[in-house]
Amino acid sequence: MSMLQVSIYRYNPETDSAPYMQEFQVDTQGRNLMVLNVLEMIKQQDSSMAYRRSCREGVCGSDGMNMNGTNGLACITALSDVVKNDKLVLRPLPGLPVIRDLVVDMGIFYKQYERIQPYLQNDATPPAIERLQSPEDRDKLDGLYECILCACCSTSCPSFWWNPDKFVGPAGLLQAYRFLADSRDTATRERLSELEDPFSVFRCRGIMNCVAVCPKGLNPTRAIGKIRELLLANAT
Amino acid sequence: MVTNITNFGRSGLSDWLIQRVSAVILALYAVFMVGYLLFHPGLDYTTWNGLFAQTWMRIFSLLAFVSLAAHAWIGLWTVVTDYIKPTGVRFTVQIAIILAIFIFLVWGVQVLWGA
């Protein structure tokens, strides 16, 4: 028998006056399962337990959660990566309002994403087929476009915890730089003028929690540094 | 863009630049001071007074004091906006910080150019 002790954050606003931790015993039979597999086994024990999941292979970004203190995607996090002494503690992503159990309200996260206008802007007449880009310019978007918006980075960032309404957060800023770096985008000046206040970009203190937790191995801190360089280069 | 800012510069870019430049000045001043004290083990009042009687040392010191004032204000403004959410309390703390920084700065000038 290899029993895993799982402690899960439970909160149902319709019946519970306060959140609490519930203990579950899961028999993993010694297998190195993914955390999502364990959650599915717990769902068999207690069908009222709520969490988000979809693709179960780290592409959709639905099952971001806090596992033994570290944010990540449950579907691609193996037990051997997080479990210590046969104990696993699962909590919702920190800093966002809890809707129920491990399900959080991502509204403010999406609002910050919307604010950086995450779409290509080009005021030139569109060509007949498509806007061309050299392979070198296309290479500049590597490490930026892969973000799946799982919110693991922004919800591990203290600057985002304290000012989620003002600081764009690592996920939004990575996408802001993705469009600043795009050779086909002509709104660079307008984009930069939206970011030069003391909060939107500059509330980043460079502690790199975002880099440590990103399930896709991306580097928002580097992108934020590049935005600062662009702001400086465009300053008078 | 976030426009409801109570900092003096109201620009994140200038705050960021001031913070970095003032940090370099403070580092130079600190290294100089530690070095001076290490090279003058039996330091007496006359030598110490003589150092601060020179104009370049007064300019260097005042530069460090002004840098410290700016650095402290930007840093503490950031800390206060992070952790103190009620506007009235935050505003009161910010006033106290500004007042303290101003008093220390004027006092510093008085010490440098006083008797």
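1. Asp101(A) is buried, because 22 other C-beta atoms lie within 10 Å, and 20 or more is the cut-off for that class. Asp101(A) sits in the loop between strand E6 (98–100) and strand E7 (103–104) of chain A. Its phi is near 45 degrees. That is a positive value, in a residue other than glycine. Keep in mind throughout that this is a predicted model.

2. Met208(A) also deserves a look. Phi of Met208(A) is near 65 degrees, a positive value in a residue that is not glycine. Met208(A) belongs to the loop between H7 and H8 of chain A. Is Met208(A) buried or partly exposed? Met208(A) has 17 C-beta neighbours inside 10 Å, so it counts as partly exposed.

3. On confidence, the model has an ipTM of 0.85 and a pTM of 0.91. For chain B, the average pLDDT is 93. In that chain, 98% of the residues score at least 70.

4. Turn to helix H6 of chain A, residues 170–180. How many of the 11 residues of H6 are buried? The count is 11 of 11, and the helix is mostly covered. Among the buried residues are Pro170(A), Gly172(A), Gln175(A), Tyr177(A), Arg178(A) and Leu180(A). What covers the buried residues of H6(A)? The cover includes four helices of chain A: H3 (107–115), H7 (188–193), H8 (209–213) and H9 (220–233).

5. Next, the contact between the chains. Chain A gives 15 residues and chain B gives 12. On the side of chain A that touches chain B, H9(A) supplies the largest share, 3 residues. By class, that side of chain A has 8 nonpolar, 2 polar and 5 charged residues.

6. Within chain B, start with Leu17(B). Leu17(B) lies in helix H1 (residues 12–39) of chain B. Leu17(B) counts as partly exposed because it has 15 C-beta neighbours inside 10 Å. Leu17(B) and Thr6(B) are 11 residues apart in sequence. In space, C-alpha to C-alpha, Leu17(B) and Thr6(B) are 18 Å apart.

7. Helix packing comes next. Two packed helices are described by the angle between their axes and the distance between the axes. H1(B) packs with helix H3 (residues 55–83) of chain B at an angle of about 140 degrees, and their axes are 9 Å apart. H1(B) is therefore oblique to H3(B). The crossing of H1(B) past H3(B) is left-handed.

8. Which residues of H1(B) and H3(B) meet? The H1(B) side includes Asp15(B), Ile18(B), Ser22(B), Leu26(B) and Tyr29(B). The H3(B) side includes Phe60(B), Leu63(B), Ser67(B), His71(B) and Ile74(B). The residues of this contact of H1(B) with H3(B) divide into 11 nonpolar, 4 polar and 1 charged.

9. H3(B) also packs with helix H4 (residues 87–113) of chain B. Here the angle is about 175 degrees, and the axes are 10 Å apart. H3(B) and H4(B) are therefore roughly antiparallel to each other, because angles over 145 degrees count that way. From H3(B), the contact includes Arg58(B), Phe65(B), Trp73(B), Trp77(B) and Val80(B). From H4(B), it includes Arg90(B), Gln94(B), Ile101(B), Gly108(B) and Leu112(B). By class, the contact of H3(B) with H4(B) has 15 nonpolar, 3 polar and 2 charged residues.

Definitions and conventions
Residues numbered from 1 in each chain as written. Chains lettered and ligands numbered in written order. Predicted model: local features only at pLDDT ≥ 70, side-chain atom pairs only at ≥ 80, totals over all residues. Buried ≥ 20, exposed ≤ 12 C-beta atoms within 10 Å, placed from the backbone. Helix = DSSP H or I, 4+ residues; strand = E, 2+ residues; numbered from the N terminus. Contact = placed C-beta atoms within 7 Å. Nonpolar A, V, L, I, M, F, W, Y, C, P; charged D, E, K, R; others polar. Axes fitted to C-alpha atoms, helices over the stretch in contact; angles between N-to-C directions. Parallel < 35°, antiparallel > 145°, perpendicular 65-115°, else oblique. Left-handed = near helix turned anticlockwise from the far one by under 90°. pLDDT = per-residue confidence, 0-100.
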